Amino acid sequence: MLSPSFLLRPPPPLLLLLLLPWPVWAATPTGTPGAWDCPEACACAPGGQANCSGLGLPAVPAGLSRSVRTLLLDHNHVRALPPGAFVGAGALLRLDLRENGLRWVHARAFWGLGALQQLDLSANQLEALAPGTFASLRALCKLSLADNRLARLEPAALGALPLLRALSLQDNELTALPPGVLTGLPTLNSLRLRGNPWACGCALRPLCAWLRRHPLPAPEAEMLLCVSPGLQTLSPLTAFPDTAFRRCVQPLAPRDLVVIYTLGPVSFLASLATCLALGSALTAWGARRQRAAARRPRRPPLNLGLGEAPPADPGSPAATAQV
């Protein structure tokens, strides 16, 4: 039987820990507040900014979370962006990737960044962009592709960005913008284009039409000059009215292309079927004539030669005289 002194003795500390409804070690953080939300090797500041600039990083750092709102990755060595490069950073609003020597961006590299508003890819080595690269960035307001090596920008690469207001394409190798590049950017009001070798031909018609509807500031407009062909060298892009392109063939509308691509194969198949049916009919008719000719009795040929007389009838006077 236990003595009364045992009941008065205080319980051991370990027993008290086990009796608590929630372990105290689970509620006590093991570091500075917010440290687990900061990407590796980066310095984080209040407000969700992760500063990873100039660290020589070869890839996007791991440990991104929804608490990161601004990610500064400029002046690193990120040469490529694989699919899902920013997984976990679904609340990211600003992404800076300047001066990384970036050469390749996968079409799904930015998937999951539906809230992103500012993207800076300037001062890299991009030569082309895959279709759908920015398709998931529906909230994007500002995009910089300046100082790269882009020689052509396909409409499918940009896609439809309904909120994009500023686009920088300066200091690339663009000679024209294909039709449809600016069509999916209804709110675009700032377009930087200087420093490109523009060729003032028919391919430049859509861009010149856009520039007439959205006049650029004077310093920017004065820097948009043609470098070819010879007669148009150093002519400003804003100096070409629509009548200057009257000899250019209008590009087909998407609806016309659908009709052509639909009716073309159908017409080909119909013509092929007609030719096969006609050939079969002619073959059958020729075979029928041959069978009919084979069943018809043959007549002896008529001897119409002049050098030899036909044999005389034995009962005729001529045959009697010969005997």
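1. A disulfide is taken here as a pair of cysteine sulfur atoms within 2.5 Å. The structure is a predicted model, and by this rule three disulfides are counted.

2. C200 and C226 are joined by a disulfide with an S to S distance of 1.4 Å. The link is left-handed, with -50° about the S-S bond. C200 sits in the loop between β11 (198-199) and α5, whereas C226 belongs to strand β12 (residues 226-228), so the pair ties together parts that are 26 residues apart in sequence. Both ends are buried: C200 has a relative accessible area of 11%, and C226 has one of 0%.

3. C42 is linked to C52 by a disulfide, S to S 1.9 Å. This link is right-handed, with 110° about the S-S bond. What does the pair tie together? C42 is in the loop between α3 (24-27) and β1 (43-45) and C52 is in the loop between β2 (49-51) and β3 (70-72), so the link connects parts that are 10 residues apart in sequence. C42 and C52 are both buried.

4. The sulfur atoms of C38 and C44 are 1.9 Å apart and form a disulfide. With 95° about the S-S bond, this link is right-handed. The two ends fall into separate burial classes. C38 is buried, at 16% relative accessible area, because buried means under 20%. C44, at 42% relative accessibility, is partly exposed, because that class lies between the 20% limit for buried and the 50% limit for exposed.

5. C208 is buried, with a relative accessible area of 1%. C141 is buried as well, at 15% relative accessibility.

6. The largest nonpolar core has 65 residues, of which L81, F86, F110 and F134 touch the most other members. α4 (155-158) and α5 (205-213) each supply at least two residues of this core. The most comes from α5, which gives four residues.

7. What does F86 touch, apart from residues up to four places away in sequence? Its contacts are V60, L64, L71, L73, L81, L95, L97, A109, F110 and L113. Among these, L81 and F110 are themselves listed with F86 as residues that touch the most other members of the core.

8. H75 has a positive phi, near 60°. H75 is in the loop between β3 and β4 (80-81), and its relative accessibility of 38% makes it partly exposed. E99 has a positive phi too, near 50°. E99 is in the loop between β5 (94-96) and β6 (104-105), and it is partly exposed, with a relative accessible area of 41%.

9. Is S122 buried or exposed? At 10% relative accessibility, S122 counts as buried. S122 lies in the loop between β7 (118-120) and β8 (142-144). The side chain of S122 makes a polar contact with that of D120, at 2.7 Å. Leaving aside residues up to four places away in sequence, S122 touches L97, R98, E99, S144, A146 and N148. One of these partners, E99, is the residue with phi near 50° noted in point 8.

10. The second largest pocket has a volume of about 280 Å³. Of the 16 residues that line it, D120, K142, L143, S144 and S168 are the closest to its centre. Which elements give two or more residues to this lining? They are β5, β7, β8, β9 (166-168) and β10 (190-192).

Notes
Residues are numbered from 1 along each chain as its sequence is written. This is a predicted model: local features need pLDDT of at least 70, side-chain atom pairs count only at pLDDT 80 or more; totals for chains, interfaces and linings use all residues. Side-chain values use heavy atoms; hydrogens and water are left out. A nonpolar core is a set of buried Ala, Val, Leu, Ile, Met, Phe, Trp, Tyr and Cys residues joined through side-chain atoms within 4.5 Å. Buried means under 20% relative accessible area, exposed over 50%, partly exposed in between (1.4 Å probe, protein chains only). Contact means heavy atoms within 4.5 Å. A polar contact is a pair of N or O atoms within 3.5 Å; within protein, one must be able to donate a hydrogen and the other to accept it, and residues adjacent in sequence count only if both atoms are side-chain atoms. On a 1 Å grid over the protein atoms alone, a cavity is a set of points where a 1.4 Å probe fits but cannot get out, and a pocket is an open set with protein on both sides within 12 Å along at least five of seven lines; lining residues have an atom within 4 Å of a point. Grid points are joined across faces, edges and corners, and a volume is the space filled by probe spheres set on the points.
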